[in-house]
Amino acid sequence: MTISVLRTSEGWWVQTPTGASPITTSASMTAELLADRGAVDAAIETGGAGGDTVALENLTLLSPVTAPCRVIAQMTNFESHVVDAGMDPKTVPLTFFRKSSASITGPFGEIVRPAHVTLLDYEVEIGLVIGRDVPAGSTITENDLPHVIAGLTVTNDVSARDIQLPQTQFYEAKSYPTFTPVGPALVLLDAAELARFGDLRLRLSVSGEERQNRIVEGDMLYRPLQALQSLTRFQDLAAGDLVLTGTPVGTALSAPPKPVEIIGNFLPPAVKWKAFFSRQAKNRKYLQHGDVVEASVGTDDGAIDLGTQRLSVRYAR
């Protein structure tokens with residue numbers, strides 16, 4: 001059975017059928033908590049035996065992934081998203097980009113659009129939380145995966161498209177404060193549960209309007225094993241690091257019609273981007289001040305439920 005770990009300013013908790021049971025631990029960082037698995041198991045036992053629990057609605061949840069840590073994200077990793085972006089899934093390589101861990105925020109606060117940003121987008125993603133240190137050059141097999149991945153969490157790769165696209169790099173556009181909502185829970189999985197990764201459904205709605213709804217199976221191009229094998233060819237991973245695994249179709253940004261794209265290729269870059277952003281400014285799917293973004297991940301049978309995050313959008317002045 002999955003174990004949902006929660007975090008507040010007071011400490012760590014495990015979710016129980018009646019609420020949340022506190023974890024007695026000195027851990028302040030996610031990596032430290034993962035190393036103190038005995039304390040997690042003790043809290044599960046206490047909660048299951050009818051020990052003191054706290055109602056979930058009385059907890060102010062923070063991100064279960066603590067900063068600083070590495071935040072690494074896969075690019076265009078769902079076939080539906082690749083096609084919507086005007087690309088051929090057969091030609092899309094396995095690639096990554098980095099986000100600042102200062103962008104991590106909790107699951108129930110705000111997404112703040114900086115004053116200079118115009119086109120604020122969303123991307124619901126499954127976050128892999130690394131469970132142990134993996135030095136660069138390590139060989140990861142399928143049997144290693146349940147030990148390398150401690151658990152999963154809901155993430156939202158918030159993006160400033162008007163910053164991202166002209167720069168042709170992602171770091172700034174995806175690293176502003178609050179641009180990586182994480183949680184509500186870090187869901188610890190055993191090998192059998194992790195094997196059901198393909199059954200996970202990603203959903204995202206904006207102010208009650210469903211925008212994204214896809215199952216991993218048949219849509220995700222590169223699964224966690226391939227991603228982690230590729231990453232560890234060139235960099236270390238550490239316990240508590242966060243790897244985002246891509247988003248399906250449904251983001252506000254989509255490819256322009258083919259004739260428009262062809263015409264744009266003949267324009268000077270400054271003219272092309274001005275025309276592109278003029279069209280995008282009319283797209284009301286970009287996040288608006290006061291919008292409420294809800295994102296969830298889970299299997300349709302409820303056996304694996306990563307929970308639902310709910311954040312409001314605020315435009316900074």
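## Aromatic pairs

Rings of Phe, Tyr and Trp (its six-membered ring) are taken as a pair if their centres lie within 6.5 Å; planes under 30 degrees apart count as stacked, those over 60 as edge-to-face, and the rest as tilted. The model considered here is predicted. By this rule, the count is three aromatic pairs.

One of them joins F96 and F234: the ring centres are 6.5 Å apart and the planes stand at 55°, so this pair is tilted. F96 belongs to strand β5 (residues 96-99), whereas F234 lies in the loop between α7 (224-231) and β16 (242-244); the pair therefore ties together parts that are 138 residues apart in sequence. F96 is buried, with a relative accessible area of 19%, while F234 counts as exposed at 53%.

The pair of Y176 and F179 has its ring centres 5.3 Å apart and its planes at 75°, so it is edge-to-face. Both Y176 and F179 are buried.

## Charges over rings

Two arginines are described here. The charged end of R7 sits over the ring of W12, at 6.0 Å from the ring centre. The charged end of R113 sits over the ring of Y315, at 3.4 Å from the ring centre.

## Packing of helix α7

Helix α7 is mostly covered, with six of its eight residues buried. These buried residues are P224, L225, A227, L228, S230 and L231. They pack against the strands β4 (71-74), β5, β9 (124-130), β10 (149-156) and β16, and against helix α4 (145-148).

Note on methods
Residues numbered from 1 in each chain as written. Predicted model: local features only at pLDDT ≥ 70, side-chain atom pairs only at ≥ 80, totals over all residues. Heavy atoms only, no water. Helix = DSSP H or I, 4+ residues; strand = E, 2+ residues; numbered from the N terminus. Buried < 20%, exposed > 50% of the residue type's maximum accessible area, 1.4 Å probe, protein only. Lys NZ or Arg CZ within 6 Å of the ring centre and 35° of its normal. Contact = heavy atoms within 4.5 Å.
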